[in-house]
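Reader: Hey, I've just opened this one and could use a hand getting my bearings. Can we go through it together?

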Amino acid sequence: MPADNTLFTPTDLEGLVTPEGRALADVRLIASDMDRTLLDDNGDLPQGFEDLLDRLHEQGVYFAAASGRPVYTLRNMFRDYLDRVILVGDNGGLIMLGDKVLYKSV
């Protein structure tokens with residue numbers, strides 16, 4: 001997130017670079033922790049989240065929500081976005097996209 005705490009909403013990743021000098025056009029996955037990172041102090045998703053997901057999806061970038069929480073709680077939080085958000089729950093023990101299990105540690 002930018003220093004002024006505004007939501008980063010790129011319209012085009014071409015030409016943008018990370019602080020390390022990598023082209024954002026090469027980014028295919030953005031992951032975020034939940035509490036006090038993605039979620040506000042009330043535990044809500046930031047305003048404009050759906051628009052950001054749409055823009056990332058249009059450019060072939062996946063978004064992953066990572067948490068120590070169980071995946072079923074993440075599925076409830078992101079129920080409107082299950083087709084566009086990779087859920088990393090149980091401290092990385094279960095990773096899902098929609099109804100598909102991408103990784104599971106037993």
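Reader: Why would neighbours in a strand land on two faces?
Author: In a regular strand, side chains alternate between the two faces of the sheet.
Reader: Got it. What kind of model is this, and how are the residues numbered?
Author: It's a predicted model, where local features need pLDDT of at least 70 and side-chain atom pairs count only at pLDDT 80 or more, though totals for chains, interfaces and linings use all residues. Numbering runs from 1 along each chain as its sequence is written, and side-chain values use heavy atoms, with hydrogens and water left out.
Reader: OK, so how many helices and strands are there?
Author: Three helices and five strands. These are DSSP runs numbered from the N terminus, with helices being H or I of at least four residues and strands E of at least two. Along the sequence the pattern reads β-α-α-β-α-β-β-β.
Reader: And in what order do the strands sit in the sheet?
Author: The order is β1-β2-β3-β4-β5, in an open sheet with mixed pairing. Two strands count as paired if DSSP finds at least two bridges between them.
Reader: Which strands stand at the edges?
Author: β1 (29-33) and β5 (100-104); each has a single partner strand, so one side of each is left without a neighbour in the sheet. Neighbouring strands here are turned by 20 degrees against each other on average, direction ignored. For that, axes are lines fitted to C-alpha atoms (for helices over the stretch in contact), and angles run from 0 to 180 degrees between N-to-C directions.
Reader: Do β2 and β3 run parallel or antiparallel?
Author: Parallel: four bridges join β2 (residues 62-66) to β3 (residues 85-89). One to look at is Ala64, whose bridge partner in β3 is Ile86.
Reader: How about β3 and β4, parallel or antiparallel?
Author: Antiparallel, over four bridges. Gly89 has Leu94 as its bridge partner in β4. Their hairpin has four residues between the strands, and Asp90 there takes a positive phi near 55 degrees.
Reader: Then what happens between β4 and β5?
Author: β4 (residues 94-97) pairs with β5 in the antiparallel sense, again over four bridges. Leu94 stands opposite Lys104. These strands form a hairpin too, with two residues between them, and Gly98 in the turn has a positive phi of about 65 degrees.
Reader: Switching topic: how many aromatic pairs turn up?
Author: Three, in a search of the whole structure. Rings of Phe, Tyr and Trp (its six-membered ring) pair if their centres lie within 6.5 Å; planes under 30 degrees apart are stacked, over 60 edge-to-face, and the rest tilted. Phe49 and Phe63 are edge-to-face, at 5.6 Å centre to centre with 80 degrees between the planes.
Reader: Where do Phe49 and Phe63 sit?
Author: Phe49 is in helix α2 (residues 49-58) and Phe63 in strand β2, 14 residues apart. Phe49 also pairs with Phe78, tilted, at 6.0 Å and 55 degrees. Phe78 is in the loop between α3 (71-77) and β3, 29 residues from Phe49.
Reader: Are Phe49 and Phe78 buried or exposed?
Author: Both are buried, and so is Phe63. Buried means under 20% relative accessible area, exposed over 50%, and partly exposed in between (1.4 Å probe, protein chains only).
Reader: Which residues form the aromatic cluster?
Author: Phe49, Phe63, Phe78 and Tyr81.
Reader: And how much of the protein counts as buried?
Author: 31% of its 106 residues.
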